[in-house]
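Q: I'm new to reading protein models and would like to zoom in on one spot of this one. Could you walk me through it slowly?
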Amino acid sequence: MRSRLWTGTEWILIAICAVIPALSVLGSDYFVSPRGDDRGDGLSELTAWKTVARVNAAAFQPGDRILFERGGEWRESLQASSSGEAGKPVVYRAYGKGAKPKFWGSVVLDNSAFTLDQGTTYKITTTFGVDRHCGIAVDHVLMKWIGFADNAGRMAAMRSKPGSAIVDDGYPSVHPDHSVIYINTGGSDPRTDGKIYTACVRDNVIHSSYKNYVTFQDLVVDETAILEMGFGVRIDGGKGVRLERCEAYRVGAAHFAFVDGDASEPNVGDQLYAAYAMRNQPSIQCSAFFSRLSANVEWIDCVAKHLELNDDGATYRVLTALGTGKVLAKNMTCTGHGGGAMYFADSAKVTVKGGVFENCNVEQWSGGLVFDGVTFTGSSWMNVWSKDNTYENCLFADIAPPEGGVFFFRDKASGNTVRFCTIIPVRGACLQFGGSAPGTSWYGNVMLGTVSYGGNPNDIATADHNLYAVAQESIMGQPWSEWRAAGRDTQSIIGDPRFADPVGGNYKLEPTSPAVDAETGTQFTPKSDLALNARPNGKAADIGALESGTLAK
């Protein structure tokens, strides 16, 4: 039978049929620019919309993209209005060249409306309501929050502290249409100094409420510093929501938050950057990366810096997980002045994999936590109140814990395991016990200095195949000879671990280290080390966080 030849017209029809599904996947592009006009259709740069309010009022289809012009700034809140579909999310992102689009939670105050209060304190009566919880900024540097203007003591404190502010909203009879803001400038006259004074009045500046498959890319939020309520980016519920390469600055409650969610598919924060918080508020109120209730969240390659809160050294939390959700924090970084803290409570299941944390108090109330391949420095410490946690391949480098140990196992913190870690305290002990800790195990670790403070030897399930840099007279109050006679640390080593360059921060083992190929027991051995190199790298696994012959990453 002769094969039939397709005509040119038929080939064109076939090509059109192939393109139509692709176009339906891509959806429509809508443009938003400060130079736009809300009367346009938004479908081109020439007909771009102008306001976020116009965007919020529109309904979008799966695959649609809402594009905000780079370099543009809006003092409005962005609210996702529509859900996408799997493979066809509704995307809010940047277009053009220049700085990422920025969404402000603040309003600019009129410099000429300030009047002298007394001394170096000035005041302004606004023509709109400003809540007493709101933060005040000068040239985008947050002033210290003193409290509510409801007593003479707080007012006197503000007037005596340059760089501080108080908002009088008339509480308890709150004024809906005006407030009085007091600022102590330290001598600068806001009427003539040319500085920008702002009041943080909006939170949830980027928000999605129970929408599915929505993506926010390359957007910036700033100045949402409202006590306990000042979220920068908040995602309530939904699944398949992604935050990618977004930034949040100067917030009150959290830079990025996932609240509630769908267990069938995680929401993701990828390459996010968080910095600065409302000054002088309780640190318990704040977190750079926050999840609550049943939120199923993955934080990937996220960075937090400048989490200092108060002059007394209190810090903002870098990571908080509350509720029943499942949380993965992968390669998160928190360094720089002030450090940060982690807080896990309720029954949240958290895995922290990779990453670097400086001066980090890791407060653990929920159990079953996993820390794998994490580096801690400075005054970091593990404040353990929960049970059945695992710490492996972690490096605790030159730690000066504020309490007695790098790990502090509180009373009834049971079933916890520390394995294949390198623990180097510059003071205190590697492990501290504040009471009963049945089922505790540590093995395959390099431990410098004193191994433990406190504790009951009968609580220990396993202690062996460790390298102790110095001989231990006793562990948990039991003489070393009796400790070993009870079957503990019978295969452990006393000696110099021989790090490659500890002064330079390289804790790789030299080939001649006694810790090389030393883990010959039957205990669980991780499949990789701190630098993600395979274990074992020789005849047997090496003791400590890093296999020999590898470089710390």
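This is a predicted model: local features need pLDDT of at least 70, side-chain atom pairs count only at pLDDT 80 or more; totals for chains, interfaces and linings use all residues.
Where is the place of Met476: in which loop, between which strands?

A: Met476 sits in the loop that links strand 47 (474-475) to strand 48 (478-479). Its backbone has a feature worth a look: phi is near 55 degrees, a positive value, and Met476 isn't a glycine. Now, is Met476 buried or exposed? Its relative accessible area is 8%, and the cut-off for buried is under 20%, so Met476 counts as buried.

Asp301 isn't a glycine either, and it has a positive phi of about 55 degrees. You'll find Asp301 in a loop too, the one between strand 26 (297-300) and strand 27 (303-305). Asp301 has a relative accessibility of 35%; partly exposed covers the range between buried, under 20%, and exposed, over 50%, so Asp301 is partly exposed.

While we're on backbone details, check out Pro536. A cis peptide bond joins Arg535 to Pro536, with omega at about -10 degrees. Pro536 belongs to the segment after strand 51 (506-509).

How far does the predictor trust its own model? The average pLDDT is 90, and 91% of the residues score at least 70. Two stretches are another story: pLDDT stays under 50 over residues 1-5, where the model has two contacts beyond four places in sequence. Residues 18-24 also stay under 50, again with two such contacts.

Notes
Residues are numbered from 1 along each chain as its sequence is written. Side-chain values use heavy atoms; hydrogens and water are left out. pLDDT is the predictor's confidence in each residue, from 0 to 100. Contact means heavy atoms within 4.5 Å. Helices (H or I, at least four residues) and strands (E, at least two) are DSSP runs, numbered from the N terminus. Buried means under 20% relative accessible area, exposed over 50%, partly exposed in between (1.4 Å probe, protein chains only).
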